[in-house]
Amino acid sequence: MKKILEVLGTALLVVGGVGVVRELTDGWFALMGVTRLVVEHLPLLRDSPLFAHVLLAMTGFGLLMIADREGGQR
């Protein structure tokens, strides 16, 4: 379970961080298009993409913290 949380948390943290960079540079990094796929398919997040990417990054960070706590208890 710890490995799954680590992989998922890292993926969300990277996608969220890349999305923040992409939004702040006004889409300058064309290779970071995966972030657009995540936000455009959720109608709730379409209006505020910067907030959505920060939320994704924070969710990934939270999952990494949960994975770290889970690993330390054994």
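**View 1. H53 sits in helix α3.** Welcome to the first close-up of this predicted model. H53 is buried, with a relative accessible area of 1%. Leaving aside residues up to four places away in sequence, its contacts are V15, G16, G19, V20, E23, T35 and V39. Buried here stands for a relative accessible area under 20%, so H53, at 1%, falls into that class.

**View 2. Seven residues make up a nonpolar surface patch: L13, L24, L50, V54, M58, F61 and M65.** The patch covers about 640 Å². Helix α1 (2-24) and helix α3 (49-72) each supply at least two of its residues. Which helix gives the most to the nonpolar patch? That is α3, with 5 residues.

**View 3. F61, a member of the nonpolar patch, belongs to helix α3.** Is F61 buried or partly exposed? F61 is partly exposed, because its relative accessibility is 40% and that class lies between 20% and 50%. Have a look at L8 as well: F61 and L8 are 53 residues apart along the chain, and their C-alpha atoms are separated by 9.9 Å.

**View 4. M65 is placed in helix α3 and takes part in the nonpolar patch.** The relative accessibility of M65 is 41%, which means that this residue counts as partly exposed.

Notes. Residues are numbered from 1 along each chain as its sequence is written. This is a predicted model: local features need pLDDT of at least 70, side-chain atom pairs count only at pLDDT 80 or more; totals for chains, interfaces and linings use all residues. Side-chain values use heavy atoms; hydrogens and water are left out. Patches are made of residues with over 30% relative accessible area and no salt bridge: like charges are joined within 9 Å, nonpolar side chains (Val, Leu, Ile, Met, Phe, Trp, Tyr) within 5 Å. Accessible areas come from the Shrake-Rupley method with a 1.4 Å probe; for residues, only the protein chains shown count as cover. A salt bridge is a side-chain nitrogen of Lys or Arg within 4 Å of a carboxyl oxygen of Asp or Glu. Helices (H or I, at least four residues) and strands (E, at least two) are DSSP runs, numbered from the N terminus. Buried means under 20% relative accessible area, exposed over 50%, partly exposed in between (1.4 Å probe, protein chains only). Contact means heavy atoms within 4.5 Å.
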